[in-house]
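Please read it with the coordinates open.

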Amino acid sequence: MENIKSLNKEIFVDSEEISQIVTRLAERINNDYKDKDPVFVVVLNGAFMFAADLLKQINVLSKITFIKLASYTSDKSSGTVKQLIGLNENLKGKDVVIIEDIVDTGLTMQSLRKQLLALDVNSLEIAVLMFKPHKFQCNYPIKYIGKEIEDPFIVGYGFDLDGYYRNLPAIYQVKE
Ligand code: 5GP
């Protein structure tokens, strides 16, 4: 707890820049979906603040649903499997936009993408606030990217460290 309290961090993306990023993304989505009836799938917990700000600026008729990805390690495989939980919307035939906080290696999103595509959606796009292109190990398209960053570990504006700091209104880089 003391380490968490005395965390050495410095501002990385301030509230004003976040707000500009979010507005820019919302404008693109509004334009791309103006004749559609999209469903936004918000990935909890990290995307809660980004999604709230983004969706306030979405002006097309749309539905919003929330999911979580629960990690579990199966006995048979050595890898960690991300199981989608909490989806209560029928996505068959829908134009779906996933709202996520960050894509790093991309493996989490890859797993989620596969699970949503298997539901027979009409289209599937991804909106992320932060993207770490140098860490990305996958090759699916990410249509809406807020900001590309190198590899700092960030906290605030939904991003946590052991569950803390999600409430900060700006994004901070954790210093060694
Ligand atoms: P991936 O599967 O793309 O490597 O990891 C995605 C997940 O890792 C994100 O949803 C997020 O929870 C976590 N993550 C990746 N980079 C960061 C970061 O810089 N800060 C925080 N707080 N979480 C991160």
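Predicted model: local features only at pLDDT ≥ 70, side-chain atom pairs only at ≥ 80, totals over all residues.

1. S2 (39–44) and S5 (95–103) pair in the parallel sense, over four bridges. Valine 41 has isoleucine 98 in S5 as its bridge partner. S5 also pairs with S6 (123–131), again in the parallel sense, and here over eight bridges. Within that pairing, valine 103 is partnered by phenylalanine 131 of S6. Isoleucine 99 stands opposite alanine 127 in S6.

2. Burial of S5 and S6. How many of the nine residues of S5 are buried? The count is nine of nine, and S5 is mostly covered. S6 is mostly covered too, with eight of its nine residues buried. In a regular strand, side chains alternate between the two faces of the sheet.

3. The three-stranded sheet. There is an open sheet with the strand order S1-S9-S8 and antiparallel pairing. S1 (9–13) and S8 (154–155) are the edge strands, each with a single partner strand, so one side of each has no neighbour in the sheet. S8 and S9 (171–174) run antiparallel and are joined by two bridges. Isoleucine 154 has glutamine 173 as its bridge partner in S9.

4. The largest nonpolar core. This core has 30 residues, and Ile99, Met130 and Ile171 touch the most other members. At least two residues each come from helix H2 (15–32), S2, H3, S5 and S6. H2 gives the most, with six residues.

5. Isoleucine 171. Which residues does isoleucine 171 contact, leaving aside neighbours within four places in sequence? Among them are Ile11, Phe12 and Val13, then Ile18, then Leu129 and Met130. The list also includes Ile154, Val155, Gly156, Tyr157 and Phe159.

6. A separate core holds 23 residues, including Val43, Leu69, Ile98 and Tyr140. Ile98 is also the bridge partner of valine 41.

7. The largest pocket. About 580 Å³ of space lies in this pocket. It is lined by 25 residues, and the closest to its centre are Glu100, Asp101, Ile102, Thr108 and Asp160. S2, S3 (63–73), S5 and H4 (107–117) each supply at least two lining residues. The largest share comes from S5, with four residues. By class, the lining has 10 nonpolar, seven polar and eight charged residues.

8. Asparagine 45 lies in the loop between S2 and H3. Most peptide bonds are trans. Please look at this bond in the model.

9. Glycine 46. Glycine 46 sits in the loop between S2 and H3 (48–56). Is glycine 46 buried or exposed? Its relative accessible area is 7%, so glycine 46 is buried. Glycine 46 touches Asp101, Tyr157, Gly158, Phe159 and Arg166, not counting residues up to four places away in sequence. Asp101 is also among the lining residues closest to the centre of the largest pocket. Glycine 156 is 110 residues from glycine 46 in sequence, yet the two are 9.5 Å apart in space, C-alpha to C-alpha.

10. Tyrosine 157. This residue is in the loop between S8 and S9. Phi of tyrosine 157 is near 50 degrees, a positive value in a residue other than glycine. Most residues other than glycine have a negative phi. Tyrosine 157 counts as buried because its relative accessibility is 3%. Both glycine 46 and isoleucine 171 contact tyrosine 157.

11. The loop between H4 and S6. Aspartate 120 and asparagine 122 are both found here. Phi of aspartate 120 is near 70 degrees, also a positive value in a residue other than glycine. At 48% relative accessibility, aspartate 120 counts as partly exposed. Asparagine 122 is exposed, with a relative accessible area of 54%. Asparagine 122 touches Gly93, Lys94 and Asp95, not counting residues up to four places away in sequence. Glycine 93 is 29 residues from asparagine 122 in sequence and 4.4 Å from asparagine 122 in space, C-alpha to C-alpha.

Key. Residues numbered from 1 in each chain as written. Heavy atoms only, no water. Buried < 20%, exposed > 50% of the residue type's maximum accessible area, 1.4 Å probe, protein only. Contact = heavy atoms within 4.5 Å. Core = buried A, V, L, I, M, F, W, Y, C linked by side-chain atoms within 4.5 Å. 1 Å grid on protein atoms, 1.4 Å probe; cavity = no way out; pocket = protein on both sides within 12 Å on 5 of 7 lines; lining within 4 Å. Points joined across faces, edges and corners; volume = space filled by probe spheres on them. Nonpolar A, V, L, I, M, F, W, Y, C, P; charged D, E, K, R; others polar. Pairing = 2+ DSSP bridges.
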